[in-house]
Amino acid sequence: MKVDDFPSHIQPYLIPNVSGQVVYRCLDCETEYDIHRLLYTCPACKSVLLLTDLAFDRLKQIPSGTWHQIFDYRKMLNIPALQGIYRFHEFIGPMMPLDAIIYLGEGHTPMVEANAYLQDLVGARFYFKNEGQNPSASFKDRGMASALSYINLLVNTGKLGDVLAVCASTGDTSASAALYAAYLQPAVKSAVLLPHKKVTSQQLAQPLGSGAVVFEIPGVFDDSMKVVEALSEQYNVALLNSKNAWRIWGQESYSYEIAQDFDYDMDRKVMVVPIGNAGNITAIISGFLKFFEAGIIDGLPKIIGVQSTHANPVYRYYLEPDPAKRHFAPVKVRPSVAQAAMIGNPVSMPRVIQLVETYNHKAGSQAIFFAEVEEQAIMDWQLTANRNGHIACTQGGETLAGLVEAKGRGIVGKDDVVVLNATAHALKFAGFQAMYFENRFPPEFEIAPKASLQNAPRLVHPQDLDAVPTPDKPLEGKDFDRFVQRTAEAIAEALALPPREP
Ligand SMILES: *Cc1c(COP(=O)(O)O)cnc(C)c1O
Ligand SMILES: [Zn+2]
């Protein structure tokens, strides 16, 4: 639809203007910095930054009903820049001119309700939000669309020349960074640092295919992260890790979409999110807070952050009930099937600590919880979900295991409606599925496959067939007829198929 086709009272709002007063703000010393350069940590105190719109209060002047209409009508506009995360332009990049926006099809991922069987099994009403349906097959595309649109803006306005974008990654950040950078080549080139043998073969194939320079670094993700931080401090590169506040901003769109999908009614809603570097949970908390402050939603949903027992620094931090006694200590990670979240020293921890406090305060009682789950539960629940029509990755399995755990602890009530973040596509983690099916997990994973969840292909080659087709030697005539008939019979026997009535 075209703007003129909409009700006249909403027309002036539909195409967003460049507006707001956006600055980086240090989380610790609260110094504010101009956004006309790339900045990742506070030059004064080295703490992490968040982006803040100093003119945010203007958004509160628009009544909530009008906001609902703005976002809902925008869905129908045929303007690519507003079809992705920037449907929520005023909240995630009000200074962004529409012609700088890079849209590769990210955002607006479906929420798919679990079938009756699975809901009964878990004892809760829940959906998966399929972040694997983003262009590089994970939620990272939301933040990357924001970060690369911003870099594009700096390039377009002559504030930045040849850009080398770099990131360290557990697999999906690099896949996403390489994809979005490739779209902007030759102005932007990318290099990615991956922990050697700690990303799946699919995740390695992605940045290679996008033409990025790929470095494999000994150790785990936390080691790669230190190297990339050293690079960004000493050399002229654009850092695309979630330390980059633009990434967080784009990822806030996840919360806005969920609010919209529930018609802005967040009563009795529960969000379950896996935590790695803690950028995603930061963005989700921040997103709901902003919609709440602007009056677009009138309640805050519960949020449950989930970690594996093999990489659980955030969970451990919050085990101490007294905030004054809490102490953050990085953990040494152990191998995890939730490999994209296998991080012992999350860079967004300071953001989490501050936002959790604000969120619980605004919610009026504790609304953010943390759960930890066993590796076994992650695999079992991932496979169970996918045997019921989902496309959850191992981190998606982690959220379902987290829901079961949280339900057991009474955090999720019987009338709650839960949204599980399936952060990537199952296919990226097909290797762990194969290890489960073939019982090949090394002991340190602590996973024993359940026969009921295993699966394997079966070769059909009846003993009495001596001629079968091969790619370079097709069968013909009687040999071919016999091959078709005997193979069909063998399959029918294996499946115990009853013959058709004559
Ligand atoms: C990055 C990632 C996570 C962890 O998100 P953080 O923002 O690092 O906490 C979880 N799942 C998948 C699939 C990811 O790619
Ligand atoms: Zn500071």
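**View 1. Domains of the chain.** The chain is split into domain 1 (111–135 + 252–453), domain 2 (139–247) and domain 3 (464–502), with bounds from an automatic or database domain assignment. Between the C-alpha centres of domain 2 and domain 3 there are 51 Å. This is a predicted model, in which local features need pLDDT of at least 70 and side-chain atom pairs count only at pLDDT 80 or more, while totals for chains, interfaces and linings use all residues. Residues are numbered from 1 along each chain as its sequence is written, chains are lettered from A and ligands numbered from 1 in the order in which they are written, and side-chain values use heavy atoms, without hydrogens and water.

**View 2. The shell around ligand 1.** Ligand 1 lies between domain 1 and domain 2, because both give residues to its shell. The shell residues (a heavy atom within 4 Å of the ligand) number 13, and K140, D172, G276, N277 and N280 come nearest.

View 3. A polar contact here is a pair of N or O atoms within 3.5 Å. The side chain of K140 has an N or O atom 2.6 Å from an oxygen atom of ligand 1. In the side chain of T423, an N or O atom is 2.8 Å from a nitrogen atom of ligand 1. For G279, a backbone N or O atom is 3.2 Å from an oxygen atom of the ligand.

**View 4. The largest cavity.** Its volume is about 280 Å³, taken as the space filled by probe spheres set on the grid points. A cavity is a set of points on a 1 Å grid over the protein atoms alone where a 1.4 Å probe fits but cannot get out. Among the lining residues (an atom within 4 Å of a point), F139, K140, G276, N277 and A340 are closest to the centre.

Notes: A polar contact is a pair of N or O atoms within 3.5 Å; within protein, one must be able to donate a hydrogen and the other to accept it, and residues adjacent in sequence count only if both atoms are side-chain atoms. On a 1 Å grid over the protein atoms alone, a cavity is a set of points where a 1.4 Å probe fits but cannot get out, and a pocket is an open set with protein on both sides within 12 Å along at least five of seven lines; lining residues have an atom within 4 Å of a point.
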